[in-house]
Structure formats: structure tokens, C-alpha cells
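Let's take a walk through a protein model together.

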Amino acid sequence: MKIKSQRDFWSGLMFLVIGAAFAWGSMEYSFGTSARPGPGYFPFGLGILLALLGGLVLFKALTLESEGGDPIGAIAWRPLLIIVLAILVFGLALPRLGLICTLPLTVLLSSLAGREFHWRDVLISSVLLTAGSWALFILGLKLTIPVWPIYFG
Amino acid sequence: MDLLNNLALGFQTALTLQNLAYAFFGTVLGTLIGVLPGLGPVATIAMLLPSIYTLDATPALIMLAGIYYGAQYGGSTTAILINVPGESSSVVTAIDGYQMARRGRAGAALAAAGLGSFFAGCVGTVIIAAFAPPLTELAFKFGSAEYFSLMVLGLVGAVVLASGSLVKAIAMIVLGLLLGQVNTDVITGTARFSFDIPELTDGIGFVVIAMGVFGFGEIIANLGQPEEHREVFTKEVKGLWPTREDFKDAWPSVLRGTALGSILGVLPGGGALLASFASYTLEKKVARNPRVPFGKGAIQGVAGPESANNAGAQTSFIPMLTLGIPPNPVMALMVGAMTIKGIQPGPQVMTSNPELFWGLIASMWLGNLMLIVLNLPLIGIWIKLLTVPYRFLFPAIVVFCCVGTYSLNNNNFDVFMTAGFAAVGYAFYKLGCEPAPLLLGFILGPMMEENLRRALLLARGDWSTFLTRPLSAGLLIASALMIVVVMLPSIKSKREEAFQEEG
């Protein structure tokens, strides 16, 4: 058997697995009866439905010819990993280092994901964005976000 | 006259200094971000949600609505000037609008789009005001079974009119519905799919999904693509005011576009996108001997679709406001925002929060007026923004989205979840799965389950209740018909053809 559409193959598989996982997971909760549906009733039905749809997509991916195999193409690992890392670092740093230190760090990290990297531009962005966010979120909207590192505040 | 009384109440609310300021703020922000390449209205609204956390419900929704049509308007500007439609509904605008810009008539194109949109916006506002009350009446007659069927219709409509594979789109809806199941069951209080993580028992925040998939996922996808070369017609925007001939050519198109858009906007899933495509097709058929052929810079090809998408954008508020059912992802975000503000969307909003309801409607008209003022004379500023390089933009988007998710609950758990959804969003992009239906499903999931279970309870477990109640049966039949029609070979090829132009 040959995969005729890469994208459909993998998305079909994804739907199938997630649907089955939800259906299996919902068996932990009471299913109830049709007259008195329990907490497991709706997710179980949906899980089965998603698995079926995934199966259908998978079946089409294996039987229907598509143009050029519909390849997924190269995965942009660099931006993917760096952006995800930047978000995680932001989440870890904000409660400890406060807005003033976290934002430049996030800007610096995420800038590494781009095609071009200029220290001068990153510096400008960091200063502008940190000052702007402070003005907008803390002064303007009065959100309760830690501003300074806990060790100073 | 009830209509006049209601509108008077609306304008009273909307014309307070505070609400005017928020409407203005919203339209400016929306235009600003809509003009920046690579950010559509959904990402814009998701990114700016934190700005409403501290506001009251009425100014918050007024501002969000402003962001919505501002972003849409900004999207048309980029479509005309750099051939990059800011969002799918301005795709057809790019065809003739960009050609006009290349021939040095960018000013006329922008003016046609702006004035057409304004006219359509006025008509749309009146239509909402006129049709919302009777629809609300109807909605009160709805029982659980009808609500469930209506949501099925809404979700089916959303996929049928979306581009791409139908089965995958339906699967994305179901996936969204399932993600909505991560919560505490309302009826029994059982925590579901929470893996003993306390934060998950409240459910996944819709902001988390919206920002992860639409905000970050899009950034990663953009960065993964080779840099495109853009030609910006910055210096050539002169002679903003259209000529007499332009007016003569454009006004019938504006009328037709408005009519078409107002009708299509109400349909579930319809909204702005379908309206602009349909209007372009209609203009091509109807306009006799255009001075300039279509595809080469015909003003009709800009005025018609632009009026249609604005009218559609306005009337798509109708199902959201009267039934609490979002017909498109932007409205799904609005429903989410209402929930954050503690308002349960649905027919009761009109009676329980009349200031909010009518104030929002009146503010739409005011917002449209502001847009005209903002855009036509100040176009030079927006054009400058087009030239901001992406390497300055995306760190800013990252920062705003991060602060937004954190301030949602003042908790970094949401930030970590968003990181996960960023990766998921990129995976969807790579696999060709459209994320918009997922968001709709996610928003409607809990409502759908509640209504399904209540309907079954009332019918003593008899599933045929959905088909024996006439209203519910009608809605389900309509959904089935929609799927069948789309599957018909002749329509199927037409649909693919229509969305081809998008790519």
C-alpha cells in the first residue's frame, strides 16, 4: 500500500488516534443511559465520531490519487522550537523576574527565530516593547502583573 | 416606533464619551494591526483580548467590534496596495484593487472600498436593528432540541462554506467539540480529562487556543516560509477622490454588494467571505461593458465585494446577538469575550442588557463613520506601516500574546498551555487542517452537550425527538441538505474553483 497524500495520511492518523484516546478516556466516566446521559455520554460519542472521520481521511489518503503526493514539506524546526521556547521562558520568568526583565528576554529569544538578526534592531524592539507594554498594561489597563524582579520589589 | 426607541437608547449608550473613546480606540487598533501584513482579524482580536479584562462589558464589546471592522478594513488596504489580502474576505478585492493600484489609481480604489463599506455598514446596522427583535422572539420559542439542531446547522454551515477538504473540516469541528469537553461536567460535577491538574478542571481557556493556534501558529508558519518580495505603491497614492465616472460605475455595484452581503452574512458560516466571493461573481456577470475589464482594474470589482464583505460582517452579528450562536471564528471570539465578562450570550441579552445590545449596534454605525475619517485622509500613515519589516513585528506579537495569556488568570499555566497549542497550530498548518472550525466547535461544545443532554432527558432518551419536533427537524434537514449540495459534483468543482483564486 502506498500513501497517496502525505498530509491527509498524517491528519487522518491524528484524528483517529485523538478520537480513540478521547473515547477510551471517557469510559472512565459514567456513561448513563440515553434517558439520563452521564458525563461520559457526549465525549464518548464524539470520540468515536472523530475516530471514524479520521479513518475516512486515512482511507482517502491511501486510495485517492492526489497531485504530487501532497507532501507536508520541510518542517520549520528553528522557528517552531525557538518560538515555543520563548513562550515557555516567558511563563517561567515573568513571576520571578517581572515584566522589566522578562520582556527583553522574550524579545531577544524570539528574534532568534527570524531570518535576520541584528543586535541593534533587537535592542530597539526590546526597549520600545518593554516601555510600551509597561505603559499599556500597567499604567493604562492596570493589570496586576509583576513588574520588578521579586528580589528587588 | 420601537425601532427608533431602541436605536435612541443605543445611541445614548454609544455616544457617551467613554464608549466613543473605546470605539475609536478599537477601530484605530484594528486598522493598525489589520494593515500589518500577516495578521487577520481573528489573530488581532485574540491578541488584544487582554485589553478588555478590566473594562465593563459594554465598552469591551464596543471596542472588540471596532477592532473587528477596523481589521477588516485594514485588510482591504493591504489587498489593494500590496496584493496581500489581510484576510480571506478581501482576497477578491486584491484582484482588481491591486491592478488599479498598479495603474496609479490606488486612491480611487481605496476610496471606492471605503465609501462602499461605509454605505454597506449603514444598511447593515439598520438591518440588525430591524431583524434582531423578531429573531429574538423566535429564539425564545426554542427548546433544547431546537438549540442543539441549530448549533448543528451553524457548525455544518461553517465548514461547507470554508475552503479545503470537507471531511477534514468536519473532523476539526469534532476535535474542537472534544477539546471543549475538558472541563467539569455541569450536571454531575465530575472533572473530565483533567489528568488531576486543577487548572484543567475549569476547562482550556479559549484565549489559550486562539492565541496558540492563530497567533503563534501563524508566526511560526510565516517564519518558515521564504521571504516574499513585496512591491508597495507608497508614493503613488494621489487623487484620493474618485472621478465622476468612477462614481457612476461604482454605485450600482455598491448597492448590489450590500444587498447580497446583508443576506449572506446572516447565514451560519457565511459572513464576509462568501459575500465577497459571491459579489465578485455577480459583478462580473452583471456589469455591462465595464470601462476597464475585470481583472485589469475594474472599480466594480472593488466596490462590490468590499460593500458585500462589510455588510456581511455587520449582519453576521445577528445570529451571535440573538441566538448566542457564532457564525464565524470572529464571532466565536466575541462570544468568548462576553463569557469572560460574565454575560451568557443568547436571546436574553437583549432584554437583560439592553444598553449593551443596542449600544453595540449603534456603535457599529459610529465605528464605520470613524473608519472613513480615519482611513481616507490618513491613508499615508497606514501605508508607512506596510513597510515595517516582519523582524520587528513578530517579536511584538509574541510579547503581546504572552502578556495576554498570562493576565488571563494571572497564572503561568495558561502560558505553558499556549506554547503547546502553538506547536499544535503549526502542525495543523502543515497538515492542511483549517483551525477556524476547531475554534467554533470548541466554543459551542459545552452548550451543545448541555442542550443535547437536556433534550434527551426531556424526551426520556428518545433520539427521535430531534426529528419529531418540526423546528428542530427543519434545521437538521437544512444541515443535511447543505452537505448534500456541496457534495454534488457540479457544485463541488465550482466550490474548488472559487477557492482556487484564494491560493
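Predicted model: local features only at pLDDT ≥ 70, side-chain atom pairs only at ≥ 80, totals over all residues.

Begin with chain A, where the domain assignment gives domain 1, covering 6-69, and domain 2, covering 77-140. Between the C-alpha centres of domain 1 of chain A and domain 2 of chain A there are 38 Å.

Now look at where the two chains meet. On one side are 56 residues of chain B, and they are in contact with 60 residues of chain A. Which helices of chain B each supply at least two residues of the side that touches chain A? They are α8 (166-179), α9 (206-224), α17 (390-409), α18 (412-431) and α19 (436-458). The largest share, eleven residues, comes from α17(B). Sorted by class, this side of chain B has 35 nonpolar, twelve polar and nine charged residues.

Let's zoom in on one residue, Ala423(B), which you will find in helix α18 of chain B. Leaving aside residues up to four places away in sequence, Ala423(B) touches Leu80(A) and Val84(A). Ala423(B) counts as partly exposed because it has 19 C-beta neighbours inside 10 Å. Along the chain, Ala423(B) and Phe216(B) are 207 residues apart, but their C-alpha atoms are separated by 8.3 Å.

Next come the helix pairs. Two packed helices are described by the angle between their axes and by the distance between those axes. Take helix α7 (residues 144-160) of chain B, which packs with α19(B) at an angle of about 155°, the axes being 8 Å apart. That angle is why α7(B) is roughly antiparallel to α19(B). The crossing in which α7(B) passes α19(B) is left-handed. Among the residues that meet here are Phe148(B), Met151(B) and Leu155(B) in α7(B), and Leu440(B), Leu444(B) and Met448(B) in α19(B). By class, the contact has 15 nonpolar, three polar and one charged residues.

A second pair to find is helix α5 (residues 91-102) and helix α12 (residues 300-315), both of chain B. Their axes come within 8 Å and cross at roughly 145°. What is the handedness of the crossing of α5(B) and α12(B)? It is left-handed. Residues that meet include Val92(B), Ile95(B) and Asp96(B) in α5(B), with Val302(B), Pro305(B) and Glu306(B) among those in α12(B). This contact divides into five nonpolar, three polar and two charged residues.

Note on methods: Residues numbered from 1 in each chain as written. Chains lettered and ligands numbered in written order. Contact = placed C-beta atoms within 7 Å. Helix = DSSP H or I, 4+ residues; strand = E, 2+ residues; numbered from the N terminus. Nonpolar A, V, L, I, M, F, W, Y, C, P; charged D, E, K, R; others polar. Domains from an automatic or database assignment. Buried ≥ 20, exposed ≤ 12 C-beta atoms within 10 Å, placed from the backbone. Axes fitted to C-alpha atoms, helices over the stretch in contact; angles between N-to-C directions. Parallel < 35°, antiparallel > 145°, perpendicular 65-115°, else oblique. Left-handed = near helix turned anticlockwise from the far one by under 90°.
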